[in-house]
Structure formats: structure tokens, C-alpha cells
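The following paragraphs accompany a single protein model and are meant to be read with the sequence and the coordinates at hand.

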Amino acid sequence: RRKLRSDVAAAFPNLSAEQLAEFIPNKEELNVIKIYSHKGEAVTVYMNHRNPILFEAEKVLYPTVYSLWVYPDLLPAFSTWPPVLQKLAGGADLMLPGVVVPSGGFPQVERGTLCAVTLLGNRAPVAVAVATMSTAEMLAAGMKGKGFAVLHTYLDHLWEYGDKSYPPTIAPLVPDCAGDEEEQEGKEPANNSPPEPVQHVHIGSLSLKEGDICAELQGKEELHEDRAAEPAETASTEDQQDPEDSRTPQEQMDALFNQCFFHALKCKVKKSDLPLLTSTFLGSHMFSCCPAGQQLDIKKSSYKKFSKFLQCMQQQKILQVKELNKGVESIVEVDWKHPDIKAFAVPEGFSSASAAQDSKNEDREQVYHAPEIVPLYGVSAKMMPLFQESGHGKGSVLSSSEVRNIIINYVKTNELVDETNKNLVKVNAILCDCLLDKSEQDEISHLKWDDLLSRCLERLQPFHQVTFFGKEPVVRRGNIEPIDLNIEQRSSNKKVTIIKNLELYGLDPQCVANTLQQKVQASATLTPAPGAKDRVQVQIQGNQIHHLAKMLLEQYQLPRKYIRGLEKAPKLGRKK
């Protein structure tokens, strides 16, 4: 561990002593694994907190994107357009025409310098690459040719070794384009308030509008090496973009919702699917009809709520929405002969309506992504004195790493580290009141670091943040309820399986019931969940825990800790 720390210090001199100690901690578990690239080259990976933080190839240390999200200024960074990420994750190198030229100029690097690649509008790196030219050579070449050899990206196999979290949103230090142009386009300033580090968004939600503006300002018309497009094609593309540019972002989002709405009705939904939950229609059907590089966001539209959008469509007599269960709305009828549906033309690049309908069930399964669930902690009135110095009052919601940093800074600022044993912390009056029980206050004068941090987390109010694929993170009070599987006895000694809380994980109870019914050939019904006004529960005949475990753990990729009742599966046989 000491050798690794010294190697990291030599490789990344920008790290301070405190950052280095946090990067390679003394007490926490650090795992070393060896993997092999597709060429057969051995790569050593260092894991901390279940995430790869470093990888070593040919005796050279490289940081992963997980480390760069914590230390975004560790490497000189170059920015590119959001659509380029897909090419980089597929194994392509970064070409210079795809690099955004900032108003303040490029960082000065030499050939062979290790660099980070970011996306326009977000300083969180998405790739680690080696410069194939110096900054001067890039500019002298007219920003043509290969600029960076990419070693590792967000979404690649190394990223999949970790918790598969999304890049955080980190505001740029300086805008990528001049501020005057931003004001002319009617944008809101991006740097009014610093973003919260715990907020994660999917990379697809990054707006491409900024990229279009910067490309126009700097004359960049192409992104990749296949840039030898005919002038006629370029001109036609620009002509198509002119009417879009003349609309406000809200009008563009309204148009995108209308397009995806009619596309979903025409190609994805059949009469046999009705009644269909409105949340399933949006998440499983409309999202899959969204063009590449764009993202549906109801808050950026004029409707603000999806229910209001559906009300508008209902007023036009395109469909009918009813509340079949209390608080749960479903689409019960669609007029497929409506002129607007019949006149809608499927955009190029999408499969035909019949092919989409045939593969509907398969698409529905592929659309689901397990949500990212992050535990958070709220500052209570009793714990407030401990957090006041860091500027956090009652009700502040923090991540575990933020709590840890605040406690460490508090101890160091107040010189509470024991002089004879650095592993112990002296308990002052505030720590005594906040962390010790009355029976302990006269007996305990020192606490170990681990005990200090665990006591602090135990006494904070529990919160959690849920991030569904393509949506903004949602913070809720308390710990998330697990999916509850239970076996109940009915008349004639018959058993039924009850499944609750599927909605909390973005699962459609009706879809789960239909899939399970087909697999086990048993009847399944939906009933209101007792004590939960917005939820329903699935009831299916027999003990189906085995089939549910396979579906939830393998098909939906949900962590086992969020499923309660798996031990109630029937025993396959008894030994005699």
C-alpha cells in the first residue's frame, strides 16, 4: 500500500497529501485483480469501495472514470460533443474535429500526456486518453487527424466492474462558448449555483443544443474521421436544423413528446395491451421511440406533468385515461383510426410498425434498467451542532462521503486527534452530546475513527436517492422499502404468492403479472396494496418464489438486498 501511494504521488503530483490519503486509504479494504484485454495484455486493477480506482498497464498507472469523478482536475481535460461518447465507448479514438475549442484555449500538453475527455457542459470526465500530439501540433494541424488514443471510457468493461453509476454533473469552470451567445439564445446561466455532487444524471439527458451553438460559432461541421461528407448533404442538414433553431427549447420538447406519443401508439401499443398503465406507456414505449441523442423531459415541456399531456390528448379524443385503481391511471381506449395517428409517419432509422409490434414484449424487457439507489443522511436538530461549522443546518441532506469529510474536517479543525494514538479521537462537549448515550457520557473520553463515523451515521435521519434510467434523481425520506414476497394460505389449503412494492423500483405490476403468468401458467391478479394508496400488489396462485427470484435477480438485475422473502421458496425435495 505504501508503494502504491508513492507511485500514485509520483504519477499525479497535483494530488495534495490529504487527497492522496483519501485516494489510497490506510484502513479501508483495497483489492487488486488482474484482467486481460482483448489483445491478451495483462492489466492490474486496484479496487476500493467496490469500484476500480486505478489500472496499471506496462508499469504505467492510469485513473479510472470513477476516480476522475471525485478528482475532476487530476488530468488536463479536453471537451467533446455528447454523441461522440458512443463512438469512444465502442473503441474509437478521439479525432481532433470532434474536440471543442474553448474560448479560453486548450490546456498546454505534450505528446504522450495523459488527459481526460469530458462532454460539453459537464466537467465530469467520461474517458481517459493519451495525447498523440502536443497542443501546438494540434493547432498547427488545423484540428485535423487523430488527437487522442483512448484507453478507458465510461460504459466500457472496466466501468462495468464497479457500481455502474452515472457521471455526476459538474459545472464547467468557464463556459465552453462566449456568454453573449448564450444570452442571445435565451439560456439560463449555468453557474448561478454550484451543482450538488450527489446528483447523477444519465449521459443521454445532456442537451445537444449547446453543441449545435458552439459548432455554428466555431465552424465545426463534422465530428469523426468519416467527415468527408458531400457539401450537398451538409447543406441539407443545415436547412433542416434552421426551423428547429427558430423554436424555443419548450416548443422543441413539446414537438418531441408529440412525435414519441404518436410513434408509440402506432408502432408499440396493440389493442390487447389495454388497459395500459400510463407510467408503462411513458417508460417502456415512448422512451424507446425517442431519437438517438435526444431525451424526453416533461419538466422542460409546456405541460410540466405527463398527466396533463395525456389530458390534452384525451381532449382531442385520441385516447381515454381512467383511474382503475386508486391513484393509478391507465390508458383504457385508443382511437387508432384518429386522423393524427393515421397521418403520422415513422421517422427514418426506426423499424416498421409490424416489426416493432412483433418484438414488443422483448423490447419491454430490454427497456427496464434497475434504478440506482444511494443512501443519504439528513441532519437532525440534535446533530446540528456538529454540522454547523461546515455550513449545514437542520434538514440538510448529505451523502455518506460528505458526512465522512465533514466529521474529519471537524476533528482536525478542533485538534481532537489524540497526540499519542492517531487512531483515537478525543470527545469534546459537542461530540459527547451528539454521539454518546447518557450512560456513556461519564465513561467514554475517546472514540476510534470507525466508531465515531458509524455513530454519526446511525444518529442522522435516513434518506435515499433513487435515479431511474433517463430521469432526474428523486430524494425520499426514510430507507427504501424492499420488494416484499410473501406466501399466504387460502381456502382448501391453497397457497398464493403476494408481491408488493414493485412500483418503487420502476417495475410495472401488470407487466410482472403477465410475464409471471405466462411462465408458470397460473392465474395472476392485481389488488390494491393495504396501507399504500398509490400502489397495487400482484397475487398469483401457488408458491412462485423460485420463478420470482430468477426474474428479479437475473432478468431485472436487482440487488438481492432489495428483495425480502426469497427464503420462502419451496424446498425441492427431502432427504430420506
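R50 is exposed, because its relative accessibility of 69% lies over the 50% cut-off. The model is a predicted one, and in it R50 occupies the loop that connects β2 (42-48) with β3 (51-57). Beyond its neighbours within four places in sequence, R50 is in contact with Y161, G162 and D163. L30 is 20 residues away from R50 along the chain, and the C-alpha atoms of the two are separated by 8.9 Å.

R5 belongs to helix α1, which covers residues 2-11. With a relative accessible area of 18%, R5 falls under the 20% limit and therefore counts as buried. When neighbours within four places in sequence are set aside, the contacts of R5 are L20, I24, P25 and N26.

Strand β13, formed by residues 372-378, pairs with β17 in the antiparallel sense, and seven bridges link the two. Within this pairing, I373 is found opposite V466 of β17.

Strand β17 also pairs with β18 (residues 474-477); these strands run antiparallel and are joined by four bridges. One of the residues involved is H464, whose bridge partner in β18 is R476. Strands β17 and β18 form a hairpin with six residues between the strands. In this hairpin, G470 adopts a positive phi near 80°.

Technical notes. Residues are numbered from 1 along each chain as its sequence is written. This is a predicted model: local features need pLDDT of at least 70, side-chain atom pairs count only at pLDDT 80 or more; totals for chains, interfaces and linings use all residues. Side-chain values use heavy atoms; hydrogens and water are left out. Buried means under 20% relative accessible area, exposed over 50%, partly exposed in between (1.4 Å probe, protein chains only). Contact means heavy atoms within 4.5 Å. Two strands pair if DSSP finds at least two bridges between them.
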